[in-house]
Amino acid sequence: MRFQVLTIGGRAPHPLTGEQAAAADRLDEIVETGAVAEELGFDAYAVGERHAGPFLSSSPTVLLGALAARTSRIRLLTGVTVLAVLDPVRVAEDYATLHQLSRGRLELVIGKGAEAGHFGLDEGLQWEYQAEKYELLRRLWREEKVTWQGRFRPPLTDTTTVPRPYGGRPPRVWHGSATSLNSPELAARHGDPLFSANAIQPREAYARLIGHYRERFEAYGHDPRTAYVGAGSGGLFIADTTQQAVTRFKDYYEARVRQTHKPHLEGRPGYNTPFHTIEDAVADGPHLIGSPQQITDKILGFHAAYRHDLQSITVDTSGLSLPEQIDQLRRFAEEIAPVVRREAPTTLWQTPEPLSPAEPTRH
């Protein structure tokens, strides 16, 4: 198993105290956490993209650029790049620049998002936007002098985006999957990896999407050994015992559920958690709450259902201060990750490895 830390740059008021961090301070925390994640041996750090609501992640390329300058080993991912609302030419150039700055450490996780209306786009066409724009992005990273015509942007003639991807290898692209079979189908068609949200719904909902992906991946003729899967999680809260975790985290967790509940989206998968109490969340939800053993067992339970290769965790949705978040990451790296790595080995990211920043590019 590989491990990733994810932030979506949340800046909602604390659900119990109403306190809200200054924007500059939150952005500093995001970069500092990425640097610490590298020091602790995490494999990847991901920055989400949101364009509405209490978030500071509308410009992940800027944050990832700062992270590329602060780190040298850890992979840098998005979580997700909302390709459905973006121009593929801009995406190709921005992220190829980051691919160069990080010496090949960048990977994308693309998704349609839920914000097309925020840009004046037709929400009913989001999947069509996603599929067409991804087809163009693939060509722009793999070809020069691209001539192309589609439905959703002006045509291109003999277009070469610059810079080209680092080392001549396009960044790996994962497909974020939360509620629909569309993303698993698109990922399978192209032989790309899948990233399951695994953040709100019961485990069975995500297992169904992953199962569809694996079935279609092989049907398209790809080697099933390369059908890599990532899985997210709810927030992380480690204590010495599960009861201590429940006692310390209960008020915050249940207040946050109330704060983030969207009544107008009741019944639509992926929006409102069905795990309203912390006891439900510990027993059956995707949150990683409890003792190190409890959390280890839950991740291995995910693995039994998903056979996933990359586990993502989040610490900045727990209401903890930055030093407390860093302590949570330290405990995870020392007490949980080694056991799960041993019990759930993977070939993900074994080869080819990115060159180190000190190693010159070979032509």
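How many cavities of 30 Å³ or more does the structure hold? One. Keep in mind that this is a predicted model.

Confidence first. The mean pLDDT of the chain is 93, and 96% of its residues reach 70 or more. Over residues 353–363 the pLDDT is below 50. In the model, that stretch has 16 contacts beyond near neighbours in sequence. Where pLDDT is low, the predicted coordinates should not be read in detail.

Back to the cavity. The largest cavity has a volume of about 40 Å³. Which element gives the most to its lining? Helix H1, with four residues. H1 spans 23–39, and strand S1, at 2–7, also supplies at least two lining residues. Among the residues of the lining are Val5, Leu6, Arg26, Glu29 and Ile30.

Now helix H3. H3 covers residues 88–101, so 14 residues. From first C-alpha to last, H3 reaches 20 Å, close to the 20 Å expected at 1.5 Å a residue.

Which residues of H3 are buried? Pro88, Val89, Val91, Ala92, Tyr95, Ala96, Leu98 and His99. An α-helix has 3.6 residues a turn, so residues three or four places apart point the same way.

And what covers those buried residues of H3? The cover includes helices H2 (60–70) and H4 (126–142). It also includes strands S3 (75–78), S4 (81–82), S5 (106–111) and S7 (156–159).

One last detail. Just after H3, Arg103 takes a positive phi of about 55 degrees.

Technical notes
Residues numbered from 1 in each chain as written. Predicted model: local features only at pLDDT ≥ 70, side-chain atom pairs only at ≥ 80, totals over all residues. Heavy atoms only, no water. pLDDT = per-residue confidence, 0-100. Contact = heavy atoms within 4.5 Å. 1 Å grid on protein atoms, 1.4 Å probe; cavity = no way out; pocket = protein on both sides within 12 Å on 5 of 7 lines; lining within 4 Å. Points joined across faces, edges and corners; volume = space filled by probe spheres on them. Expected span 1.5 Å × (residues − 1). Buried < 20%, exposed > 50% of the residue type's maximum accessible area, 1.4 Å probe, protein only.
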